[in-house]
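The sequence and structure come first.

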Amino acid sequence: MDFTIEQIERYSRQIVLKEIGGIGQKKLLDSKITIIGCGGLGSPAAYYLTAAGIGSIKIVDFDVVELSNLHRQILHFNNDLNKKKTQSAYEKLHKLNPDVNIEVVNEILLPDNIKEILKDSDFVIDGSDNIPTKMLINDACVNLDIPFSIAGVIRFNGQIITVNPQEKTACYRCVFGDITEHEPSMSCSQAGVIGLIPGIVGCIQANEAIKYVLKLGDLITNRILFLDLLKYRFSFIKVVRNENCLACGDQAIDLVETHEYNIGDVCFE
Ligand SMILES: [Zn+2]
């Protein structure tokens, strides 16, 4: 295995894990993960995946840093106000680990560009804050056969589901269906969010990505993990694939090409 001396030292605490070893570290260095949004969820996910030595990380965001972001979006510092989030993220992540190829895409994710942006990813992390974007990510990833993790946070609560289209696990659309994407959902600016809930949830999403790449343990597939930090209740709810699902079912169609997503003036959580 062709590690540099610096890589062996940098990743030594991972390489020593029997579940990872040199072979696993090489797999991480050869993998490519896309993170949609470098906000509350994307920040911790990007930090830990960069530190772990994922070879290529693509970060997609179009927003600029605002003061009200800083209590949870820990990629961005006070002197980054008004800077593009992708630029701010790149600066921190490159400093953390120059070994990692950080690619930034400063675009709004839309049906027109999503497949091109995601197509070469091994795993996708959703850090968006609205259901239409989550549905779009779901439909594109299912269509492209790319595993992904979708999460949501609000107040002291979080929820996470991982979908592996290669194993036909239940997708986000199977669970939440078409109806929800047309209902207005409460945003964090209206309902509030404690800063560390996206921190914890984003870390779990990064863990899902690493576990998928390394084929380790159990992913959060065919179930949703709910976290309640007020009561410290961490619980799973089982979900099942809907065989009539338009994204992943037996008669699935390419929704990215045909569906109206209603993506309005959105921001990434
Ligand atoms: Zn489905």
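The model is predicted: local features need pLDDT of at least 70 and side-chain atom pairs count only at pLDDT 80 or more, while totals for chains, interfaces and linings use all residues. Residues are numbered from 1 along each chain as its sequence is written, and side-chain values use heavy atoms, with hydrogens and water left out.

**Helix pairs**

Helices (H or I, at least four residues) are DSSP runs numbered from the N terminus. Axes are lines fitted to C-alpha atoms over the stretch in contact, and angles run from 0 to 180 degrees between N-to-C directions.

| Pair | Angle between axes | Axis distance |
|---|---|---|
| α3 (residues 21-29) and α10 (residues 196-214) | roughly 115 degrees | within 9 Å |
| α4 (residues 42-52) and α10 | about 40 degrees | 7 Å |
| α4 and α5 (residues 85-96) | about 30 degrees | 9 Å |

Contact means heavy atoms within 4.5 Å. On the α4 side, Pro44, Ala45, Tyr48, Leu49 and Ala52 touch Pro198, Gly199, Gly202, Cys203, Ala206, Ala209 and Ile210 of α10. This contact has ten nonpolar, two polar and no charged residues; Ala, Val, Leu, Ile, Met, Phe, Trp, Tyr, Cys and Pro count as nonpolar, Asp, Glu, Lys and Arg as charged, and the others, Gly among them, as polar.

With an angle of about 30 degrees, α4 is roughly parallel to α5. Their crossing is right-handed. Ala46, Tyr47, Thr50 and Ala51 of α4 meet Lys92, Leu93 and Leu96 of α5, a set of five nonpolar, one polar and one charged residues.

α3 also passes α10 in a right-handed crossing. Gly24, Lys27 and Leu28 of α3 contact Ile210, Val213 and Leu214 of α10.

**Cavity**

A cavity is a set of points on a 1 Å grid over the protein atoms alone where a 1.4 Å probe fits but cannot get out, and lining residues have an atom within 4 Å of a point. One cavity of 30 Å³ or more is found in the whole structure. The largest cavity holds about 30 Å³ of space, volume being the space filled by probe spheres set on the points, which are joined across faces, edges and corners. Its lining consists of Asp139, Asn143, Ala247, Ile253, Asp254, Leu255 and Val256. Helices α7 (131-144) and α11 (255-258) each supply at least two of the lining residues.

Conventions: A crossing is left-handed if the near helix is turned anticlockwise from the far one by less than a right angle, and right-handed if clockwise. On a 1 Å grid over the protein atoms alone, a cavity is a set of points where a 1.4 Å probe fits but cannot get out, and a pocket is an open set with protein on both sides within 12 Å along at least five of seven lines; lining residues have an atom within 4 Å of a point. Angles under 35 degrees count as roughly parallel, over 145 as roughly antiparallel, 65 to 115 as roughly perpendicular and the rest as oblique.
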